[in-house]
Amino acid sequence: MNGISVPMAVVDFIPVVMFFIAAVVLQRDLYNKMSKGAFALLAAGSIMVFLGGSFKALWKLLYALNICDFDALNKAFFPMQGCGFLLFFIGLLRVKNRRQDAALLAVPAVYSSNLIFIIMQTVGLAGSQAVLAVKAAKMKKGNAVICFAVSFIFMLGMGYLGSRFDSSSRMNWIAQLINIVSQGALLLGVLILHKAGLDK
């Protein structure tokens, strides 16, 4: 894969850290408002998204440093992020059906194509951002609604770039910046809700 440099690989960790902070703040604020099952799904989804992003960033770093091309880290990205975002969304909806939860957790073992994970990621992202935007609207925090909308739009932009990705350095940097804006907007929206008393 061309176009991967060490600075680019390091920058790839920034949106991962941003998502992690946003997820931790959300989990702390919502802990007392969710059933244990729903919270477990939210936490599990957060961990899967974080690990998926971390694995891909680590793969880029190892590749850029000419240590190795550990492609398994890269291939884990879509299955982990797809399932992770879907579980994150279901947790936000406070789903309590344990059988349904178990079925969703079994999906990675059944499918090998990335298409199902891309669909899961899109549904999970759209649903999560919608739930958070509705919550922000109820709390009369229009600026947070805008943040969640921006985050989702830029995530869709990542998907669009993925369909046209040419592995060039320029394309990699564009993707990095779009991802940082998306995760930065998510983090800002979550922090706005936190400051407004989401945990109360």
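Q: How do the axes of α2 and helix α10 (residues 169-195) cross, and within what distance do they come?
A: In this predicted model, they come within 9 Å and cross at roughly 20°.

Q: Parallel or antiparallel, then?
A: Roughly parallel, because angles under 35 degrees count that way.

Q: Left-handed or right-handed crossing for α2 and α10?
A: α2 passes α10 in a left-handed crossing.

Q: Which residues meet there?
A: From α2: I14, P15, M18, F19, I21, A22, V25, L26 and D29. From α10: N179, I180, Q183, G184, L186, L187, V190, L191 and H194.

Q: How do they divide by class?
A: The contact of α2 with α10 has 13 nonpolar, 4 polar and 1 charged.

Q: What about α10 itself, how many residues and what reach?
A: α10 has 27 residues. From first C-alpha to last it reaches 38 Å, close to the 39 Å expected at 1.5 Å a residue.

Q: What comes just after α10?
A: G197, which takes a positive phi of about 95°.

Q: Switch to α3. How do the axes of α2 and α3 cross?
A: At roughly 170°, and they come within 9 Å. That makes α2 roughly antiparallel to α3.

Q: Which residues make that contact?
A: α2 gives F13, V16, F19, F20, A23, Q27 and L30. α3 gives F39, L42, A43, S46, V49, F50, G53, S54, A57, L58 and L61.

Q: And by class?
A: The α2 contact with α3 has 14 nonpolar, 4 polar and no charged residues.

Q: What is the reach of α3?
A: Helix α3 (residues 36-64) reaches 42 Å from its first C-alpha to its last. That is close to the 42 Å expected for its 29 residues at 1.5 Å a residue.

Q: Which residue follows α3, and what is its phi?
A: N66 follows α3, with a positive phi near 60°.

Q: Now α5. How do α2 and α5 cross?
A: The axes of helix α2 (residues 13-30) and helix α5 (residues 77-92) cross at roughly 25° and come within 13 Å. That makes α2 roughly parallel to α5. The crossing is left-handed.

Q: Which side chains meet there? I mean, which residues?
A: F19, A23, L26 and L30 in α2 meet F85, F88 and L92 in α5. By class, the contact of α2 with α5 has 7 nonpolar, no polar and no charged residues.

Q: Changing topic: what is the mean pLDDT of the chain?
A: The mean is 84, and 84% of residues reach 70 or more.

Q: Where is the pLDDT below 50?
A: Over residues 95-112. In the model, this stretch has 18 contacts beyond near neighbours in sequence.

Q: How should low-pLDDT coordinates be read?
A: Where pLDDT is low, the predicted coordinates should not be read in detail.

Technical notes
Residues numbered from 1 in each chain as written. Predicted model: local features only at pLDDT ≥ 70, side-chain atom pairs only at ≥ 80, totals over all residues. Heavy atoms only, no water. Axes fitted to C-alpha atoms, helices over the stretch in contact; angles between N-to-C directions. Helix = DSSP H or I, 4+ residues; strand = E, 2+ residues; numbered from the N terminus. Parallel < 35°, antiparallel > 145°, perpendicular 65-115°, else oblique. Left-handed = near helix turned anticlockwise from the far one by under 90°. Contact = heavy atoms within 4.5 Å. Nonpolar A, V, L, I, M, F, W, Y, C, P; charged D, E, K, R; others polar. pLDDT = per-residue confidence, 0-100. Expected span 1.5 Å × (residues − 1).
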